[in-house]
Amino acid sequence: MAVKKRKISLFDILNVTGFTLFSIIVLYPFWQTVVLSFSDAESASSLGINLWPDKWIPDAYTFVFSYQNIMVAYLNTIIRTVVGTVLIVSFTVLAAYPLSKKDLPYRNFFTIFFLIAMFFSGGMIPEFLLIKNLGLIDSRFALILPSAVNVFFIIIMRNYFMTIDKGLEESAIVDGANYFQILTKIIIPISKPVIATVALWAAVYHWNEWFHALIYIQDDSLDVLQTVVRDMLVAMDLTQANSQMGGGGSSNSDLLLSNVRAATVIISIGPIVLIYPFVQKYFVKGIMIGSLKG
Amino acid sequence: MQTVIERAVESKPKRKENINWVRMKKMKMLYFMMAIPMVMLFIFHYIPMYGILIAFKNFSPGLGIWDSPWNNFEHFKRLFSDFLFIRALQNTIVISLLKLIIVFPAPIIFAILLNEIKSEKFKKVSQSISYLPHFMSWVILSAMVIEVFSPQRGIINYVITFFGGEAINFMSDKGSFIPILILTDMWKELGWGAIIYLATITSIDPQLYEAAEIDGAGRFRKMIHVTLPSIMPMVIIMFILRLGAVLNAGFDQILNLYNPLVYEVADIIDTYVYRSGLEQFQFDYATAVGLFKNVIGIALILTANAIIRRKSEHGIW
Amino acid sequence: MKKYAKVLSATALSSALLLTTACSNNEATSGEKIDIASLPDSGDYSDKLELSLSGSITKGKAEDGNYVQKRLEEQFNIKIKNTKVDTWNKDQVNLMVASGELPDTFAFTAGGKTPQELFDAGLTRTIPKEMLEKYAPRYMKMLGENPPGPEMNLLKGSDNEYLQLIGLYSHVDGLTWTPTFRLDWLEKLGFEPPGEIKQVGPSGGREKIYYTDKAYTLEEVEEILKAFTFNDPDGNGKNDTYGISPYNDQMHWAASLMGSFGLAPDYNFIEDDKLVVTEISKKYKEFLKLLAKWYDMGLIDPEFTTLDLNKSWEKYKQGKIGYYIAQSSYLAMDDWTKGRAPQNLVENPNSTAKILATAPEIGKDGQQGVGSFIPVGNLADAFYVSKNVTDEELARILQIFDYINFDNEARWTLYGEVGVHSDWEGEPEKSALKVRPEYAAEEGNSGFWGYNFRTYDKERVQWFTSEYTMNLRKEYFARDDVKENMLIRPYKWDVLNKTKMAEMKLRYQGQLKTVVDEFRMKAIVGEIDIDKEWDKYIENWLNNGGQDILAEMDKSDKVSDLMKQ
């Protein structure tokens, strides 16, 4: 990759300024939420634009963390996210690679088999009965298995595979490699950016998903973070939030529901937003060319 | 396995008439790969699919899905005799199309421009920041949006009144509500949406840029003639898939931002169904609404795919 | 339920569904004569039964082997299977209903289906009057004392089969809402309170809340709101206060204002010799015109269009609003009302604000009041028995039901033993009970509130009501003459399920609410001319199901007759 030193043009200045401005606009709600989560009712109810709290008060966090189950829920969400992501990514690769082969007989049939599942679903009742009949109620598998095959991801990844230079594979076949070896030795290494992207999507999906947890999980020790968070976000007031969370919260602090909601959001997104830099690591330019030469 | 392929390759010229069968044998490992995801999909998606029947029945939980009586498309007739539903359908289409036209291209432009940033550090930081709002819930964001557009304390009205104008209640104004929807949607999802394109851009062969440079192409021409065409297949796929969701115009966002004064333009199918309490015990009716949305979605996908296939090879199938 | 679960998990999907059909067609519950003599005597618990019980408050948090469960099991020789579903969660309830996985008893309020529809859908069984008389005499006595109790909830075409059991709502007896004003503003601006004022309580912020049983007239209120808006009542030199700040998602904020026009949301009355529903009446039109005038004058916070109930509470806390509606327990600052306006303003010990609650505003012809919480009488809510419950099980269930909910000896099912599990907040028997922190206040290890139905006589209300709220109710909100003169009830109501009113209301609620909300908001902010658009609005309302509802209402009984019986 030839990086030439060039003069900084007007375009560069505009571009950098643009992105800086955009970052500020985008950072604003996030920062505002952080500030709100560290405020109390007095300073929060001034409602205006607060860029810095009058004083940093951790009461909202104390309130949320006083919910006895929250650490367990955290752990469950992490387990679910890790296992679920590995599963989704594996299945996505396994389905996407064959579908990316234009000469695969009956390819269209298989593509349509996957596509139909993307558009039509039987809905909550038969899905619930199925999970029940499989004995998966109150099991982590109920959260992981039904979503393990994601057709959207498969299509995206298949499309990416299709853009890969055919020459690479053909030379491998000549060398006597089978399809599985080609997939693991050639395709996966040069598809790191898209695999990383799908992994990110899958992780965020599992992190945020609450509905399955709500209907399939009744055992408190298997509860996930988002069902707790959701109770808080849909609650009408603190008393209700408190009782929905199992009455663990102290109702004596001077908080607004908005303070607690803000803290809940910050707590619930913490770990997942930190993932991105790791994903970004795989966005390396010239990855294709590198493998060609290697 | 290796020998299998070799044998298959050898036998290929001998049985031209059965070429598919030969190829299938040759590629059987690919079918094995697909088998596990397909079985999973069959169990968790195809088996419960009989639930769609509910949309055509008077569902009675005591009878179950199979034995509930058919109702002669009563749910669909009811849907289309309700003029508020028709209005919601129109609003859904308008909002969704506007989002498709305005919001959909934004991450693409974002990704291409970000790619032009020279400082790797700046690039990484602004990208990491840009995707933060995706994680914020509309319950929280709506309060901030309403604050920014507030007639009393909002920054925009502050500017307007400072220059002697009259404060506008933007959130309750039919004219400004839809632009606010579009704008805030873009604001929230831009960075997140750009990730897939950034991933795709990294796989562009740098030789293409070098070749373009030799031809004397400037930066803009490289953006237009190298970067854009290289990510075009991904753009097309994203576009087609997005079309399929055209009747989902952003339930959470609208529910948290709208009010009765803007129902006329902002009430979409999902918010109307939600407000009507139709999802409560009325599975049959709610399923009919969902089915209607999906059928429209798949029809659009089929059409778009057919059109795109005629012009290029980048369709879904 | 138990058989059911086994069937479902043992069989493959499709056959399970067919079986479901087979067992749900069982005939015993479809109104056939039951041989009551063959059932055990009242108090005979010799057969051990397994029952899955849930009540009004059940959130699926009860631990197995909790205190209440163990005592009930012993007392009634049963094995209780705790319900692990949150019956307050719409999605979980929906699923439970759709999959037929119901507990033997349930009382969730997530609407959508009428009792008759639940029965027709094969989810519930009927409860014979004879069995109630034999096994739940206290319940039947309560029904008899609250007309038209014994005639309510009967199966269509039957006079002795009940579709559900019903609760006594003594806790909502009297006025639900009353207006409040910023007393410190009134004083500063030179307005006299309409009558003698008293403090709600001596401390905790209650000393800053006052009440009077006299009221301002609508004209006086208008003058007050004007001064609140324009005369800088908070003395900060800025024109940043408003008379009134409504919210956009409900109508409570105008409960007493509507009352001064003789109106209550959703109810009906006779106007020009015709039955009309509030939202299409001429009086309602006048009410809208008054609000539109106030909005035009600037007395109403224009931001209200974007405020829902919760945001409106937070806005009130900023101290820029002069008028707000309140319930008695808000004024008494009961724990659960924390954060709600108007009491949230005085929660802070440093707050110098004072609040005055008055009687509902007096309208043009002396009209004042607030809509009654329940249209007819004091009976509400629903307690169902699942289709899968046998007569023998029902006999036991009714005895447990009668004991937990109507025998005040059973206080331990809600609070345990006083002095062991809970304590009186103030004077014994005259204040509220507080569960000690080592026991769960609801369900959990104690099981309190896990099995009861929401039905409270006067004595029970005391257990969870603070002495300040009690006092307010005694002195004003639930005073006999106040109830007599100020409760607005509908003219006709189908409380005996003779018509299709309930079904129609459920079916069209979404459409009608949209039509009404849109018109009201546009009318208030002056986006439309009320006179010009009125006829179109009425037509719209009638065409969106209003016609059908009105017709059903017209066929219903007169409320005054119902309450006389």
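This is a predicted model: local features need pLDDT of at least 70, side-chain atom pairs count only at pLDDT 80 or more; totals for chains, interfaces and linings use all residues.
C:Lys156 counts as exposed because 12 C-beta neighbours lie inside 10 Å; here a residue is exposed with 12 or fewer other C-beta atoms within 10 Å of its own, buried with 20 or more, and partly exposed in between, the C-beta atoms being placed from the backbone. The place of C:Lys156 is the loop between helix H7 (137-145) and strand S5 (161-162) of chain C. Helices (H or I, at least four residues) and strands (E, at least two) are DSSP runs, numbered from the N terminus. From C:Lys156 to C:Lys134 there are 22 residues in sequence and 23 Å in space, C-alpha to C-alpha.

Residues are numbered from 1 along each chain as its sequence is written, and chains are lettered from A and ligands numbered from 1 in the order in which they are written.

Beyond its neighbours within four places in sequence, A:Val198 is in contact (C-beta atoms, placed from the backbone, within 7 Å) with A:Val89, A:Thr92, A:Phe153, A:Ile156 and A:Met157.

Chain B touches both other lettered partners discussed here, A and C. In its contact with chain A, 78 residues of chain B meet 80 residues of chain A. Helix H3 (residues 28-46) of chain B supplies the largest share of that side, 13 residues. By class, this side of chain B has 52 nonpolar, 17 polar and nine charged residues; Ala, Val, Leu, Ile, Met, Phe, Trp, Tyr, Cys and Pro count as nonpolar, Asp, Glu, Lys and Arg as charged, and the others, Gly among them, as polar. The contact between chains B and C takes 31 residues from chain B and 35 residues from chain C. On the side of chain B that touches chain C, H4(B) gives the most, with four residues. That side has 16 nonpolar, 12 polar and three charged residues.

Within chain B, B:Ile95, B:Leu98, B:Lys99, B:Ile102 and B:Val103 in H6(B) meet B:Ile178, B:Leu181, B:Ile182, B:Asp185 and B:Met186 in H11(B). The residues of this contact divide into eight nonpolar, no polar and two charged.

Note on methods: Two residues are in contact if their C-beta atoms, placed from the backbone, lie within 7 Å.
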